[in-house]
Amino acid sequence: TRRQRQMCIRDRRKDITITNGVLDGYSKKGGIVVETLFRTEAKLVRRNPVPIKPVVQPITVAKPRNAVSFDPRGLAEGRALIMADPHFGFEWEPPRWEPRPFHDRRALDVALQIAAMSDVDVVEWLGDLQDLTVWQDKFARLPSYYGTTQPALHENHWWLAQFVDAAPTAQHRAHMGNHDIRMDKATSSHMREAYGLRPVDQFDLPPSMSIPRLLALHQLGIDVVGGYPDDQAWLGDAMQTQHGHIARAKPLGTVTALLSQGIYSQACGHIHRDELVSESRVQLGGYMRTITAYCPGCLCHIDGRVPGSSARSNWRQGVGIVEWFGEDVSIYHVPIRNGRAVFQGQVIEARDR
(Lines give C-alpha, C1' and ligand atoms only; values in the text may rest on other atoms or scores of the structure.)
Protein backbone atom coordinates (compact mmCIF):
# COMPACT_ATOMS: atom_id res chain seq x y z
CA THR A 1 0.00 0.00 0.00
CA ARG A 2 1.30 3.43 -0.92
CA ARG A 3 0.09 6.95 -0.10
CA GLN A 4 0.92 10.03 -2.12
CA ARG A 5 0.51 13.78 -1.38
CA GLN A 6 -0.62 16.25 -4.01
CA MET A 7 -1.32 19.99 -3.90
CA CYS A 8 -4.37 21.71 -5.41
CA ILE A 9 -3.61 25.25 -6.64
CA ARG A 10 -6.80 26.27 -8.40
CA ASP A 11 -10.13 27.41 -7.02
CA ARG A 12 -13.13 27.73 -9.31
CA ARG A 13 -16.70 28.34 -8.23
CA LYS A 14 -19.74 27.63 -10.35
CA ASP A 15 -23.44 28.29 -9.91
CA ILE A 16 -25.08 27.34 -13.18
CA THR A 17 -28.66 26.33 -13.97
CA ILE A 18 -30.48 25.45 -17.18
CA THR A 19 -34.08 26.59 -17.47
CA ASN A 20 -36.05 25.63 -20.61
CA GLY A 21 -32.80 25.10 -22.44
CA VAL A 22 -31.37 28.50 -21.38
CA LEU A 23 -28.08 28.57 -19.48
CA ASP A 24 -28.05 30.91 -16.50
CA GLY A 25 -25.68 31.53 -13.58
CA TYR A 26 -22.00 32.32 -13.19
CA SER A 27 -18.56 30.73 -13.22
CA LYS A 28 -15.94 32.54 -11.18
CA LYS A 29 -12.26 31.84 -10.74
CA GLY A 30 -11.04 32.53 -7.27
CA GLY A 31 -7.58 32.87 -5.93
CA ILE A 32 -5.07 30.16 -5.30
CA VAL A 33 -6.18 27.71 -2.64
CA VAL A 34 -3.68 25.23 -1.28
CA GLU A 35 -5.14 21.94 -0.12
CA THR A 36 -3.39 18.67 0.68
CA LEU A 37 -4.92 15.69 -1.15
CA PHE A 38 -4.07 12.05 -0.52
CA ARG A 39 -4.27 9.08 -2.89
CA THR A 40 -4.01 5.50 -1.69
CA GLU A 41 -3.03 2.58 -3.96
CA ALA A 42 -3.33 -1.08 -2.98
CA LYS A 43 -2.47 -4.34 -4.74
CA LEU A 44 -4.84 -7.18 -3.82
CA VAL A 45 -4.14 -10.90 -4.16
CA ARG A 46 -6.93 -13.49 -4.05
CA ARG A 47 -6.68 -16.06 -1.33
CA ASN A 48 -8.25 -18.59 -3.71
CA PRO A 49 -6.99 -17.82 -7.23
CA VAL A 50 -9.51 -17.94 -10.05
CA PRO A 51 -8.21 -19.81 -13.14
CA ILE A 52 -8.19 -17.91 -16.41
CA LYS A 53 -8.13 -21.10 -18.50
CA PRO A 54 -10.07 -24.35 -18.15
CA VAL A 55 -8.45 -26.42 -15.42
CA VAL A 56 -8.36 -30.18 -15.84
CA GLN A 57 -9.04 -32.10 -12.65
CA PRO A 58 -8.68 -35.84 -12.01
CA ILE A 59 -11.81 -37.91 -12.48
CA THR A 60 -12.65 -40.38 -9.74
CA VAL A 61 -14.97 -43.24 -10.59
CA ALA A 62 -17.04 -43.50 -7.44
CA LYS A 63 -18.24 -47.04 -8.09
CA PRO A 64 -16.09 -49.05 -10.51
CA ARG A 65 -18.38 -51.29 -12.51
CA ASN A 66 -17.72 -54.85 -13.62
CA ALA A 67 -18.51 -55.60 -17.22
CA VAL A 68 -21.77 -57.47 -17.80
CA SER A 69 -20.69 -61.06 -18.29
CA PHE A 70 -23.15 -62.38 -20.87
CA ASP A 71 -22.21 -62.78 -24.53
CA PRO A 72 -24.77 -61.07 -26.80
CA ARG A 73 -24.09 -63.70 -29.44
CA GLY A 74 -25.59 -66.22 -27.08
CA LEU A 75 -28.86 -64.26 -26.89
CA ALA A 76 -31.56 -65.65 -29.17
CA GLU A 77 -33.33 -62.32 -28.92
CA GLY A 78 -32.51 -58.87 -27.63
CA ARG A 79 -32.35 -55.14 -28.17
CA ALA A 80 -29.31 -52.90 -28.70
CA LEU A 81 -28.64 -49.18 -28.94
CA ILE A 82 -25.91 -48.50 -31.49
CA MET A 83 -24.09 -45.18 -31.86
CA ALA A 84 -21.05 -44.09 -33.84
CA ASP A 85 -18.38 -41.46 -34.28
CA PRO A 86 -18.71 -38.86 -31.52
CA HIS A 87 -15.11 -37.72 -32.23
CA PHE A 88 -14.42 -36.19 -28.83
CA GLY A 89 -11.98 -33.35 -29.33
CA PHE A 90 -11.51 -29.61 -29.12
CA GLU A 91 -10.06 -26.63 -30.93
CA TRP A 92 -9.02 -23.42 -29.17
CA GLU A 93 -11.25 -20.70 -30.63
CA PRO A 94 -10.28 -17.01 -30.65
CA PRO A 95 -10.69 -14.28 -29.54
CA ARG A 96 -11.08 -15.63 -25.98
CA TRP A 97 -9.41 -18.95 -26.87
CA GLU A 98 -12.14 -21.11 -25.41
CA PRO A 99 -12.37 -24.81 -26.28
CA ARG A 100 -14.75 -25.47 -29.17
CA PRO A 101 -15.89 -29.12 -29.17
CA PHE A 102 -15.95 -31.44 -32.16
CA HIS A 103 -18.42 -33.73 -30.37
CA ASP A 104 -22.01 -32.48 -30.31
CA ARG A 105 -23.22 -32.31 -26.71
CA ARG A 106 -26.81 -31.82 -27.82
CA ALA A 107 -26.82 -34.94 -29.98
CA LEU A 108 -25.11 -36.89 -27.20
CA ASP A 109 -27.75 -35.88 -24.68
CA VAL A 110 -30.58 -36.87 -27.01
CA ALA A 111 -28.90 -40.26 -27.43
CA LEU A 112 -28.53 -40.49 -23.65
CA GLN A 113 -32.24 -39.93 -23.11
CA ILE A 114 -33.03 -42.59 -25.71
CA ALA A 115 -30.70 -45.00 -23.88
CA ALA A 116 -32.58 -44.40 -20.63
CA MET A 117 -35.95 -45.02 -22.31
CA SER A 118 -35.09 -48.12 -24.32
CA ASP A 119 -34.38 -50.98 -21.85
CA VAL A 120 -31.60 -52.33 -24.07
CA ASP A 121 -29.42 -55.40 -23.58
CA VAL A 122 -26.42 -53.89 -25.36
CA VAL A 123 -25.05 -50.35 -25.75
CA GLU A 124 -22.65 -50.37 -28.67
CA TRP A 125 -20.25 -47.59 -29.68
CA LEU A 126 -19.12 -48.22 -33.26
CA GLY A 127 -15.77 -46.48 -32.98
CA ASP A 128 -13.99 -43.15 -33.25
CA LEU A 129 -14.68 -42.14 -29.67
CA GLN A 130 -11.72 -39.75 -29.85
CA ASP A 131 -10.71 -37.56 -32.78
CA LEU A 132 -6.99 -37.33 -31.81
CA THR A 133 -6.39 -34.53 -34.29
CA VAL A 134 -2.70 -34.02 -33.58
CA TRP A 135 -1.87 -37.72 -33.27
CA GLN A 136 -1.33 -38.23 -36.99
CA ASP A 137 1.05 -37.21 -39.78
CA LYS A 138 -1.33 -37.16 -42.73
CA PHE A 139 -3.07 -33.81 -42.18
CA ALA A 140 -1.96 -30.41 -40.89
CA ARG A 141 -1.64 -30.18 -37.11
CA LEU A 142 -2.66 -26.60 -36.38
CA PRO A 143 -1.52 -24.91 -33.15
CA SER A 144 -5.18 -24.39 -32.23
CA TYR A 145 -5.44 -28.17 -31.72
CA TYR A 146 -2.53 -28.41 -29.28
CA GLY A 147 -3.22 -29.22 -25.66
CA THR A 148 -6.73 -30.57 -26.28
CA THR A 149 -6.22 -34.32 -25.85
CA GLN A 150 -6.50 -34.29 -22.04
CA PRO A 151 -9.78 -32.33 -21.78
CA ALA A 152 -11.24 -34.44 -24.62
CA LEU A 153 -10.43 -37.62 -22.69
CA HIS A 154 -12.02 -36.22 -19.54
CA GLU A 155 -15.26 -35.25 -21.23
CA ASN A 156 -15.40 -38.52 -23.17
CA HIS A 157 -15.12 -40.53 -19.95
CA TRP A 158 -17.82 -38.39 -18.32
CA TRP A 159 -20.28 -39.03 -21.14
CA LEU A 160 -19.54 -42.76 -21.24
CA ALA A 161 -20.25 -42.89 -17.50
CA GLN A 162 -23.60 -41.20 -18.13
CA PHE A 163 -24.57 -43.93 -20.61
CA VAL A 164 -23.47 -46.65 -18.19
CA ASP A 165 -25.71 -45.09 -15.52
CA ALA A 166 -28.60 -44.84 -18.00
CA ALA A 167 -28.39 -48.55 -18.90
CA PRO A 168 -26.77 -50.21 -15.87
CA THR A 169 -27.81 -53.78 -16.71
CA ALA A 170 -26.72 -53.66 -20.35
CA GLN A 171 -23.45 -54.82 -21.79
CA HIS A 172 -21.47 -51.80 -22.97
CA ARG A 173 -18.98 -52.21 -25.82
CA ALA A 174 -16.69 -49.77 -27.61
CA HIS A 175 -15.03 -50.45 -30.94
CA MET A 176 -11.67 -48.88 -31.68
CA GLY A 177 -11.95 -47.02 -34.98
CA ASN A 178 -9.35 -45.55 -37.30
CA HIS A 179 -9.14 -42.35 -35.23
CA ASP A 180 -8.87 -44.22 -31.92
CA ILE A 181 -5.80 -46.13 -33.12
CA ARG A 182 -3.98 -42.94 -34.13
CA MET A 183 -2.27 -42.97 -30.74
CA ASP A 184 -1.03 -46.53 -31.33
CA LYS A 185 0.34 -45.54 -34.73
CA ALA A 186 2.03 -42.42 -33.36
CA THR A 187 3.81 -44.26 -30.56
CA SER A 188 4.89 -47.14 -32.81
CA SER A 189 6.25 -44.69 -35.41
CA HIS A 190 7.86 -42.04 -33.21
CA MET A 191 8.27 -43.59 -29.73
CA ARG A 192 8.80 -47.28 -30.31
CA GLU A 193 9.85 -48.02 -26.75
CA ALA A 194 6.63 -46.45 -25.49
CA TYR A 195 4.42 -48.65 -27.64
CA GLY A 196 2.56 -51.21 -25.58
CA LEU A 197 4.06 -50.20 -22.22
CA ARG A 198 2.06 -51.07 -19.12
CA PRO A 199 2.57 -50.19 -15.44
CA VAL A 200 4.17 -53.09 -13.61
CA ASP A 201 1.35 -53.18 -11.05
CA GLN A 202 -1.43 -53.21 -13.67
CA PHE A 203 -0.02 -55.45 -16.34
CA ASP A 204 -3.39 -56.99 -17.10
CA LEU A 205 -4.79 -53.66 -18.29
CA PRO A 206 -4.42 -52.15 -21.80
CA PRO A 207 -1.20 -50.25 -22.60
CA SER A 208 -0.78 -46.93 -20.83
CA MET A 209 -0.71 -44.94 -24.08
CA SER A 210 -3.95 -46.30 -25.51
CA ILE A 211 -7.50 -45.02 -25.68
CA PRO A 212 -9.00 -47.89 -23.62
CA ARG A 213 -6.56 -47.24 -20.76
CA LEU A 214 -6.64 -43.43 -20.87
CA LEU A 215 -10.45 -43.47 -20.87
CA ALA A 216 -10.41 -45.98 -17.97
CA LEU A 217 -12.92 -48.16 -19.80
CA HIS A 218 -12.12 -51.00 -17.38
CA GLN A 219 -13.42 -48.82 -14.53
CA LEU A 220 -16.68 -48.26 -16.38
CA GLY A 221 -17.07 -51.93 -17.26
CA ILE A 222 -16.99 -51.22 -21.00
CA ASP A 223 -15.68 -54.05 -23.19
CA VAL A 224 -13.19 -53.09 -25.90
CA VAL A 225 -13.55 -54.41 -29.44
CA GLY A 226 -10.13 -53.96 -31.03
CA GLY A 227 -8.27 -55.16 -34.09
CA TYR A 228 -9.37 -52.44 -36.51
CA PRO A 229 -10.11 -52.82 -39.42
CA ASP A 230 -11.14 -56.34 -38.44
CA ASP A 231 -13.02 -55.34 -35.28
CA GLN A 232 -16.10 -57.52 -35.06
CA ALA A 233 -18.83 -58.10 -32.51
CA TRP A 234 -22.22 -59.74 -32.76
CA LEU A 235 -25.82 -59.12 -31.76
CA GLY A 236 -27.06 -62.67 -31.39
CA ASP A 237 -26.51 -64.57 -34.63
CA ALA A 238 -28.37 -61.88 -36.53
CA MET A 239 -26.07 -58.87 -36.98
CA GLN A 240 -22.35 -58.22 -37.00
CA THR A 241 -21.14 -54.82 -35.78
CA GLN A 242 -17.92 -53.04 -36.74
CA HIS A 243 -16.45 -49.58 -37.16
CA GLY A 244 -15.96 -50.08 -40.88
CA HIS A 245 -13.26 -49.07 -43.32
CA ILE A 246 -15.28 -48.70 -46.52
CA ALA A 247 -16.40 -45.21 -47.52
CA ARG A 248 -18.25 -44.45 -50.74
CA ALA A 249 -19.30 -40.96 -51.80
CA LYS A 250 -22.42 -42.17 -53.60
CA PRO A 251 -25.53 -42.32 -51.38
CA LEU A 252 -26.05 -45.86 -50.04
CA GLY A 253 -22.79 -46.86 -51.72
CA THR A 254 -21.08 -47.78 -48.47
CA VAL A 255 -23.79 -49.99 -47.00
CA THR A 256 -24.36 -51.58 -50.42
CA ALA A 257 -20.68 -52.53 -50.57
CA LEU A 258 -20.89 -53.78 -46.98
CA LEU A 259 -23.93 -55.88 -47.85
CA SER A 260 -22.08 -57.62 -50.67
CA GLN A 261 -19.33 -58.83 -48.33
CA GLY A 262 -21.30 -61.29 -46.24
CA ILE A 263 -24.37 -63.40 -45.74
CA TYR A 264 -25.55 -61.72 -42.52
CA SER A 265 -26.78 -58.29 -41.48
CA GLN A 266 -24.12 -55.73 -40.56
CA ALA A 267 -23.91 -52.36 -38.82
CA CYS A 268 -21.03 -49.92 -39.20
CA GLY A 269 -19.92 -46.41 -38.41
CA HIS A 270 -17.14 -44.48 -40.12
CA ILE A 271 -19.11 -42.67 -42.86
CA HIS A 272 -21.03 -40.24 -40.59
CA ARG A 273 -24.22 -40.70 -42.63
CA ASP A 274 -27.39 -42.60 -41.84
CA GLU A 275 -27.80 -45.29 -44.47
CA LEU A 276 -29.85 -48.47 -44.57
CA VAL A 277 -30.29 -51.02 -47.34
CA SER A 278 -31.71 -54.56 -47.39
CA GLU A 279 -31.54 -57.46 -49.78
CA SER A 280 -33.38 -60.78 -49.99
CA ARG A 281 -31.34 -63.84 -50.85
CA VAL A 282 -32.46 -67.36 -51.68
CA GLN A 283 -30.80 -69.98 -49.48
CA LEU A 284 -30.52 -73.71 -49.95
CA GLY A 285 -33.89 -75.38 -50.06
CA GLY A 286 -35.58 -72.25 -51.38
CA TYR A 287 -35.47 -70.49 -48.02
CA MET A 288 -35.61 -66.70 -48.45
CA ARG A 289 -33.44 -64.68 -46.07
CA THR A 290 -33.34 -60.87 -45.80
CA ILE A 291 -30.10 -59.23 -44.67
CA THR A 292 -29.56 -55.56 -43.89
CA ALA A 293 -26.61 -53.18 -43.79
CA TYR A 294 -26.97 -50.09 -41.64
CA CYS A 295 -25.11 -47.02 -40.40
CA PRO A 296 -26.77 -44.87 -37.73
CA GLY A 297 -24.88 -41.66 -38.62
CA CYS A 298 -22.66 -39.79 -36.18
CA LEU A 299 -22.75 -37.86 -32.89
CA CYS A 300 -20.13 -35.25 -33.75
CA HIS A 301 -20.84 -31.79 -35.12
CA ILE A 302 -21.79 -31.73 -38.79
CA ASP A 303 -21.10 -28.04 -39.52
CA GLY A 304 -17.57 -28.58 -40.83
CA ARG A 305 -15.65 -27.98 -37.59
CA VAL A 306 -14.36 -31.55 -37.33
CA PRO A 307 -10.93 -31.60 -39.02
CA GLY A 308 -11.09 -33.04 -42.51
CA SER A 309 -14.74 -32.15 -43.03
CA SER A 310 -16.71 -29.24 -44.43
CA ALA A 311 -20.26 -27.97 -44.12
CA ARG A 312 -20.91 -29.72 -47.46
CA SER A 313 -19.82 -33.15 -46.25
CA ASN A 314 -23.48 -34.23 -45.94
CA TRP A 315 -22.99 -35.80 -42.55
CA ARG A 316 -26.07 -36.71 -40.53
CA GLN A 317 -26.65 -37.43 -36.87
CA GLY A 318 -28.62 -40.30 -35.44
CA VAL A 319 -28.73 -43.50 -33.40
CA GLY A 320 -30.24 -46.89 -34.03
CA ILE A 321 -32.31 -49.33 -32.01
CA VAL A 322 -31.67 -52.88 -33.26
CA GLU A 323 -33.95 -55.74 -32.22
CA TRP A 324 -33.16 -59.30 -33.17
CA PHE A 325 -34.87 -62.65 -32.90
CA GLY A 326 -32.92 -65.57 -34.27
CA GLU A 327 -31.67 -64.45 -37.67
CA ASP A 328 -34.31 -61.74 -38.04
CA VAL A 329 -33.38 -58.10 -37.47
CA SER A 330 -35.57 -55.04 -37.05
CA ILE A 331 -33.93 -51.60 -37.11
CA TYR A 332 -35.52 -48.44 -35.77
CA HIS A 333 -33.49 -45.47 -36.95
CA VAL A 334 -33.76 -42.26 -34.90
CA PRO A 335 -32.51 -39.16 -36.74
CA ILE A 336 -31.24 -36.28 -34.60
CA ARG A 337 -31.68 -32.78 -35.98
CA ASN A 338 -30.47 -29.65 -34.19
CA GLY A 339 -30.59 -31.26 -30.76
CA ARG A 340 -34.02 -32.82 -31.22
CA ALA A 341 -35.43 -36.24 -32.06
CA VAL A 342 -38.78 -38.00 -32.16
CA PHE A 343 -38.80 -41.33 -30.35
CA GLN A 344 -41.65 -43.51 -29.07
CA GLY A 345 -44.18 -40.77 -29.72
CA GLN A 346 -42.21 -38.14 -27.82
CA VAL A 347 -40.17 -35.13 -28.90
CA ILE A 348 -36.82 -35.36 -27.14
CA GLU A 349 -35.02 -32.05 -26.62
CA ALA A 350 -31.36 -31.84 -25.68
CA ARG A 351 -30.65 -30.61 -22.16
CA ASP A 352 -27.78 -28.35 -21.14
CA ARG A 353 -25.19 -30.81 -19.88
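Two strands are taken as paired if DSSP finds at least two bridges between them, and strand and helix labels come from DSSP runs (E, at least two residues, for strands; H or I, at least four, for helices), numbered from the N terminus. Angles here run from 0 to 180 degrees between N-to-C directions, and axes are lines fitted to C-alpha atoms, for helices over the stretch in contact.

A word on ground rules. Residues are numbered from 1 along each chain as its sequence is written, and side-chain values use heavy atoms, with hydrogens and water left out. Since the model is predicted, local features need pLDDT of at least 70 and side-chain atom pairs count only at pLDDT 80 or more, while totals for chains, interfaces and linings use all residues.

Now the helices. α1 (105–118) and α2 (residues 149–166) pack at an angle of about 20°, their axes 8 Å apart. That makes α1 roughly parallel to α2 (under 35 degrees counts as roughly parallel, over 145 as roughly antiparallel, 65 to 115 as roughly perpendicular and the rest as oblique). Contact means heavy atoms within 4.5 Å; on the α1 side it involves Arg-105, Leu-108, Asp-109, Ala-111, Leu-112, Ala-115 and Ala-116, and on the α2 side Glu-155, Trp-159, Gln-162, Phe-163 and Ala-166.

Helix α3 (residues 182–190) has Arg-182, Met-183, Ala-186 and Thr-187 as its buried residues. Buried means under 20% relative accessible area, exposed over 50%, and partly exposed in between (1.4 Å probe, protein chains only). Seen down the axis of α3, these buried residues fall within an arc of 130°, so they line one face of the helix; the arc is that of the directions from the helix axis to the C-beta atoms. They pack against α4 (211–214).

Next, the backbone. Most residues other than glycine have a negative phi, and most peptide bonds are trans. These spots depart from that pattern:

| Site | Backbone value | Location |
|---|---|---|
| Pro-94 to Pro-95 | cis, omega near 5° | Pro-95: loop between β6 (90–93) and β7 (98–101) |
| Tyr-228 to Pro-229 | cis, omega about 10° | Pro-229: loop between β10 (222–225) and β11 (233–235) |
| Trp-97 | positive phi, about 55° | loop between β6 and β7 |
| Asp-119 | positive phi, about 50° | loop between α1 (105–118) and β8 (122–125) |

How accessible are the two positive-phi residues, Trp-97 and Asp-119? Trp-97 is partly exposed, with a relative accessible area of 48%, and Asp-119 is exposed, at 61%.

Zooming out, the chain has 6 helices and 19 strands, and buried residues make up 44% of its 353 residues. Among contacts between residues at least 6 apart in sequence, 68% join residues at least 24 apart.
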